[in-house]
Number of protein chains: 2
Amino acid sequence: MARRKPLAKPAFPDMQPIEGVSFATAACGVAYKGRTDLLLAELRKGTQIAGVFTRSLTASAPVKWCREILPGGKARAIVVNAGNANAFTGRAGDDIVRATAKRAAEVIGCRDKEVFVASTGVIGQTFSPKLIPGKLAGLHRRVKPDVWTEAAAAIMTTDSVPKGVVRTARIGDATVTINGIGKGTQMIHPDMATTLNFVFTDAKIPAAVLQKALTHAADRSFNCITIEGDTSTSDSLFLCATGAARHPRITGHRDPALKDFCRALEEVCIGLSQAIVRDAEGASRFVTLHVTGAASMRAARTIGRTIASATLFKVSMAEVLPPWGRMIMAVGKSGEKADRDRLDIDVGGMPVAREGAVLGGYDAAGVEAHLKGSEIELSIDVGVGRGKATVWTSDRGKGYG
Amino acid sequence: MARRKPLAKPAFPDMQPIEGVSFATAACGVAYKGRTDLLLAELRKGTQIAGVFTRSLTASAPVKWCREILPGGKARAIVVNAGNANAFTGRAGDDIVRATAKRAAEVIGCRDKEVFVASTGVIGQTFSPKLIPGKLAGLHRRVKPDVWTEAAAAIMTTDSVPKGVVRTARIGDATVTINGIGKGTQMIHPDMATTLNFVFTDAKIPAAVLQKALTHAADRSFNCITIEGDTSTSDSLFLCATGAARHPRITGHRDPALKDFCRALEEVCIGLSQAIVRDAEGASRFVTLHVTGAASMRAARTIGRTIASATLFKVSMAEVLPPWGRMIMAVGKSGEKADRDRLDIDVGGMPVAREGAVLGGYDAAGVEAHLKGSEIELSIDVGVGRGKATVWTSDRGKGYG
């Protein structure tokens, strides 16, 4: 485990047990020595699952498998290993995933297609197809419902802290819990989801409805963060609903009873996303960037992501240089509509540019003081519409190479 | 002028005078003290011009002006200043460009629309609209045909060396000369052209034909380099043909007599592009990346540019780490078709991966020795078609921040 990074929050939250979810971890030694690197999450019968995955066309073997089985909507287990991404491993990689699903299905007593697999770590190295399956019977015997910190720790790679977020939501008169764990510090520029993130709830929601809620939340969280602009081969985000809670039946994704659940789910996803940015390699500043006035929400997000992932923008954040020239450059590069003569920029709430030009008398001392801090707030209005989005990123300090 | 960077070539070539092109330089002090930062290129009557510009939607005021007047196809002057890009300067920036064109037209005796303007430097700062026009009469009195080094030096910003390339070509029985000068070290990820580059020839070729030849050459040179993936607001590439040479009339862009000219033009553009990469901020390795087996030439270039601009790929080059995992990541991110199970990768001509997986017994010592050198050669075949492209980039050393 790396030394805790300056922006990473040390405290792991007090997660609540979720009926129908239990975990066990082990050291299988795919890549690491002397630490846990394998996680089995066992899910009770009837658990519904939704997922979003990297759009990478060179996705890893586990992502390929999960995409195939996701339409079934049912999950009894998730097997996660850290240290090797099982990507660019050819047919040998597919064999590892199939052997893992088969063995997990045997020990749990379910179908292979109810076993999801996720891997994270180095790309382009195979490993023995017996390594993970050989541990699954032992793991199955030891599963426990209340070991969230251990679960979050077993999936870490270059993370300096385990990452977890908990929220509750009301559905009808019932209170349901949503717990999320995640990992990631680099190769972060999600396209549908990022890194490995697992969200569990005891709510009773059918897979098709879960999927809509998860996609919506991912679009406002994981798809709004970027570290260095590189999209991983392994990005996976799962939402598992065990259905143990007693609440009125959910009839569809527009059911008003689902509103508070969706709010809480989005908060869990935003919390995990921000924890990843705070644990970014070489980061010393956490940057929140609001984009307004775009042609659509999607356009605003594209502009925000283009700014946030631009090398020269990130260098300006690290070196306390005025960022607006590089923000403008990135707006132009984004390909989205913007009115050059109506661009407005604020730094830390202080107006810096209006109508396409830097203000002569902007508060230079105030702006510099804000940019020297570790929590930066930037706003840009591109002057063409009502689309808006917020994205989060980090600066790029010397540690990045 | 920065200290010469390790990959930059020190020698400026022996440029030949081109009849109909003359230069003068001055220190106008827009940004720098104690050096020339303003260039007037005067062109003889009848000079035809072609240009390609950044596709940035927040293009600078000079780019906006040049896009407007380019359809005229005629040029009598180019005015270039270094130190201030005149971008994100609102209407004040447009006023500076118009005043510059108007004054240059007066002193030369031509139309405003025959005066092209290019600016490079900081974004978001205005300057007095009198500064550049006030110098033009004096410059006009001092123009000389054989001061290529001085011309190339006056347009430098963070460049550590002036950049020039010269070639000759046969058109019919005549020999024509093509001289190019350029500048640039960062914000390099061209979309149609990069930075400021000026190519001059004495050939007699109509503007419409020149434009086709230039676009073709730019697609195989400037559009194939990337430094940090950030597209400038100011990228401009001009090709001016004075028509002083005596050769058979060129009838169209498919005229066989033009073939050797196009070959030489492409060589000039590739030479200038590579000089920019060699002068990149913080670079210690020059990387040539061949992409084959793509669906089209355009797809191959997109894949190449996505790999070459990926932060984690560049870090792997700087730190002598195996790059293939990050190459695969970038192929997946590019959005172009690739067959995961048919990907082949060579490093320095040595096979490293075949059919989508790393070879067990690849020459690890040979590959490491090659990656430690300063000239890296990588090849990737994505296994779907016959499209190919070569792109050039640098690593990203600690100097980049």
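Student: What makes the copies meet through the same surface?
Tutor: Of the interface residues of chain A, 100% are also interface residues in chain B, so the copies meet through the same surface. Do keep in mind that this is a predicted model, where local features need pLDDT of at least 70 and side-chain atom pairs count only at pLDDT 80 or more, while totals for chains, interfaces and linings use all residues. Residues are numbered from 1 along each chain as its sequence is written, and chains are lettered from A and ligands numbered from 1 in the order in which they are written.

Student: How many residues of chain A are in contact with chain B?
Tutor: 45 residues of chain A are in contact with 45 residues of chain B (C-beta atoms, placed from the backbone, within 7 Å). Among the elements giving two or more residues to this side of chain A are α2 (90-108) and α9 (324-334); α9(A) gives the most, with seven residues. Helices here are DSSP runs of H or I, at least four residues, and strands runs of E, at least two, numbered from the N terminus.

Student: What rotation superposes chain A on chain B?
Tutor: A rotation of 180°, with 0.0 Å of shift along its axis, does so at RMSD 0.0 Å (least squares on C-alpha atoms of residues with pLDDT of at least 70 in both). That is the relation of a two-fold axis.

Student: Why is one side of β1 and of β5 of chain A left without a neighbour in the sheet?
Tutor: The open, mixed sheet of chain A has four strands, ordered β1-β2-β4-β5; strands pair if DSSP finds at least two bridges between them. β1 (21-26) and β5 (115-122) stand at the edges with a single partner strand each, so one side of each has no neighbour in the sheet. Inside this order, β2 (residues 38-43) and β4 (residues 77-84) of chain A pair in the antiparallel sense over five bridges, with A:Leu38 opposite A:Asn81.

Methods:
Two residues are in contact if their C-beta atoms, placed from the backbone, lie within 7 Å.
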